[in-house]
Amino acid sequence: MEGKEEDVSLGANKFPERQPIGTAAQSQDDGKDYTEPPPAPLFEPSELTSWSFYRAGIAEFVATFLFLYITILTVMGVNRADSKCATVGIQGIAWAFGGMIFALVYCTAGISGGHINPAVTFGLFLARKLSLTRAVFYIVMQVLGAIVGAGVVKGFEGKTFYGKHNGGANFVAPGYTKGDGLGAEIVGTFILVYTVFSATDAKRNARDSHVPLLAPLPIGFAVFLVHLATIPITGTGINPARSLGAAIIFNKDLGWDDHWIFWVGPFIGAALAALYHQVVIRAIPFKSK
């Protein structure tokens, strides 16, 4: 009986009926059951001698290759049909991008963190989640993977057809200004990187560790929603590697005229998301139930 009473007492303390809210909750940081990882050093030369470092880079290359292969092939399939009603349409393209991010983040998160996007890598670097050494290596491998992925699609579709249908390249659509395109890329990337920070936050992991798919699912869903909104404006970049890989393989003025937008916009959006995460999200203490 004494043991039972002790268990009941512990249970009552572990699951209190009243929880502090508002500013009271923000002031109670004692007894937290999560651990914030220490900030990554700016330079980490020792990484260069570690197999896990190169394994992570290979994972980023393969993931970005597969991402471009499936998504650009889906875009070209939609363009091939005489009627959009006979294809998966914009919704299907958005699902291809979002679904691939969901699957690939799930597959590579334990190896490289599942970035698959220079903007995500840049945002995490600004938040001191990885070193400059690793960030540069990831971005190089992501770009190479994107180029190979788009190149394989061009090989399947043929040079003439691929060029005729713009090769999945990003550009600002007629009727929109460069400012419109830049704004769409900034906001779209902010949504993505903000979701990445929120889904991988140590506080959330402590509370929701029993849900292994939680991080990849909202990240993939964010990519899907952003594509639904901005495909008509820019074709949706929010990933400089995806934009650069398609532009290099397409290699026409249309793919290069507005290309700066698909680097500047995502990097600004990622920086804003990192700033918001550091100033607002990390400033709110958390105590799991």
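**Entry 1, ground rules.** I am working from a predicted model, in which local features need pLDDT of at least 70, side-chain atom pairs count only at pLDDT 80 or more, and totals for chains, interfaces and linings use all residues. Residues are numbered from 1 along each chain as its sequence is written, and side-chain values use heavy atoms, with hydrogens and water left out.

I looked up helix α3 (residues 51-80) and helix α4 (residues 89-108); helices are DSSP runs of H or I with at least four residues, numbered from the N terminus. They pack at an angle of about 165°, with their axes 10 Å apart. An axis here is a line fitted to C-alpha atoms over the stretch in contact, and angles run from 0 to 180 degrees between N-to-C directions. The two helices are therefore roughly antiparallel, a label for angles over 145 degrees. I noted that α3 passes α4 in a right-handed crossing, the near helix being turned clockwise from the far one by less than a right angle. Residues in contact (heavy atoms within 4.5 Å) include A59, L66 and F67 of α3 and G92, F97 and M100 of α4. The residues of this contact divide into 13 nonpolar, five polar and no charged. Nonpolar covers Ala, Val, Leu, Ile, Met, Phe, Trp, Tyr, Cys and Pro, charged covers Asp, Glu, Lys and Arg, and the others, Gly among them, are polar.

I then followed α4 to α10, where the axes come within 8 Å and cross at roughly 155°. That makes α4 roughly antiparallel to α10. Among the residues making the contact are W95 and F102 of α4 and F221 and H227 of α10. I recorded 17 nonpolar, four polar and no charged residues there.

α8 and α10 pack at about 175°, with axes 9 Å apart, so α8 is also roughly antiparallel to α10. The contact of α8 with α10 has eleven nonpolar, five polar and two charged residues.

I found about 810 Å³ of space in the largest pocket. A pocket is an open set of points on a 1 Å grid over the protein atoms alone where a 1.4 Å probe fits, with protein on both sides within 12 Å along at least five of seven lines; lining residues have an atom within 4 Å of a point. Points are joined across faces, edges and corners, and the volume is the space filled by probe spheres set on them.

The lining has 46 residues, with G113, H115, L124, K129 and T200 nearest the centre. Elements giving two or more residues to it include α4, α8 and α10.

How values were computed. Parallel < 35°, antiparallel > 145°, perpendicular 65-115°, else oblique.
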